Amino acid sequence: MARWLPFPLLSLALLGTWLLASESVSPGSLVLGAVVAVVTAWSLTVLELPRLVARRPGIFLKLMLTVLAEVVRSNYAVARIVLGRGRTSRRSGFVQIPLDTRNPYSLAALACIITATPGTVWVEYDSSRNTMLLHVLDLTDAQDWVAVVKERYEKPLMEIFG
């Protein structure tokens with residue numbers, strides 16, 4: 001089965017997305033969606049992704065709650081800045097953050113978390129030095145951001161993905 005359909009859940013999700021986007025379950029939409037889903041799954045085999053081993057579901061849940069709280073807090077802070085009710089002297093800037101993890105799943109999750117949080121953007125990853133470049137809308141202390149990313153996000157991700 002893995003030879004014919006290497007990523008069955010992904011293929012099923014793609015087919016479902018295709019049918020939702022086309023707003024039809026006609027035979028033509030089903031066949032075309034299935035072809036797109038299977039071809040996409042086959043093309044992903046070229047990437048040779050490492051096996052995903054996710055552990056510690058309790059830490060995962062705690063991390064998701066932390067991210068949710070941070071997104072809400074950051075939305076409020078960015079809204080205050082945009083509406084002019086924040087500090088009058090804001091300074092945006094870049095922070096170079098050394099990372100301990102090289103796991104591609106941890107890095108991808110960290111990129112999603114950082115970019116989903118208003119006021120921060122993952123700008124660049126330097127694989128040779130294993131550092132990420134972070135842009136912060138309201139930068140007060142770069143070392144605080146290094147500590148936040150490493151302790152609040154990277155450390156739990158390393159426990160989850162290894």
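This is a predicted model: local features need pLDDT of at least 70, side-chain atom pairs count only at pLDDT 80 or more; totals for chains, interfaces and linings use all residues.
Local features require pLDDT of at least 70 and side-chain atom pairs count only at pLDDT 80 or more, while totals for chains, interfaces and linings use all residues. Residues are numbered from 1 along each chain as its sequence is written, and side-chain values use heavy atoms, with hydrogens and water left out.

**Overall form**

The protein has 5 helices and 3 strands; helices (H or I, at least four residues) and strands (E, at least two) are DSSP runs numbered from the N terminus. Their order from the N terminus is α-α-α-β-α-β-β-α. The radius of gyration is 20 Å, whereas a compact globule of 162 residues would have a value near 15 Å; the quantity is taken over C-alpha atoms, and the globule rule is 2.2 Å times the number of residues to the power 0.38. Along the principal axes, the C-alpha atoms fill a box of roughly 60 × 35 × 30 Å.

**The sheet and its helices**

The 3 strands form an open antiparallel sheet in the order 1-3-2, where two strands pair if DSSP finds at least two bridges between them. Strand 1 (93-98) and strand 2 (120-126) are the edge strands, each pairing on one side only. On average, neighbouring strands are turned by 25° against each other, direction ignored. Axes here are lines fitted to C-alpha atoms, for helices over the stretch in contact, and angles run from 0 to 180 degrees between N-to-C directions.

Strand 2 and strand 3 (residues 131-136) pair in the antiparallel sense over 6 bridges. Among the bridge partners in strand 3, Thr131 faces Asp126 and Met132 faces Tyr125. These two strands form a hairpin with 4 residues between them, and Asn130 in the turn has a positive phi of about 55°.

| Helix | Strands touched | Angle of directions |
|---|---|---|
| Helix 4 (residues 104-116) | strand 2 and strand 3 | about 150° with strand 2 |
| Helix 5 | strand 1, strand 2 and strand 3 | about 50° with strand 1 |

On a 1 Å grid over the protein atoms alone, a cavity is a set of points where a 1.4 Å probe fits but cannot get out, and a pocket is an open set with protein on both sides within 12 Å along at least five of seven lines; lining residues have an atom within 4 Å of a point. Grid points are joined across faces, edges and corners, and a volume is the space filled by probe spheres set on the points.

The whole structure holds 1 cavity of 30 Å³ or more. The largest cavity has a volume of about 40 Å³ and is lined by Glu70, Ile114, Thr117, Thr120, Trp145, Val148, Arg152 and Tyr153. Helix 5 (residues 142-161) supplies the largest share of this lining, 4 residues.

The second largest pocket contains about 180 Å³ of space. Its lining consists of Phe7, Leu49, Pro50, Arg51, Leu52 and Tyr105.

Note on methods: Contact means heavy atoms within 4.5 Å.
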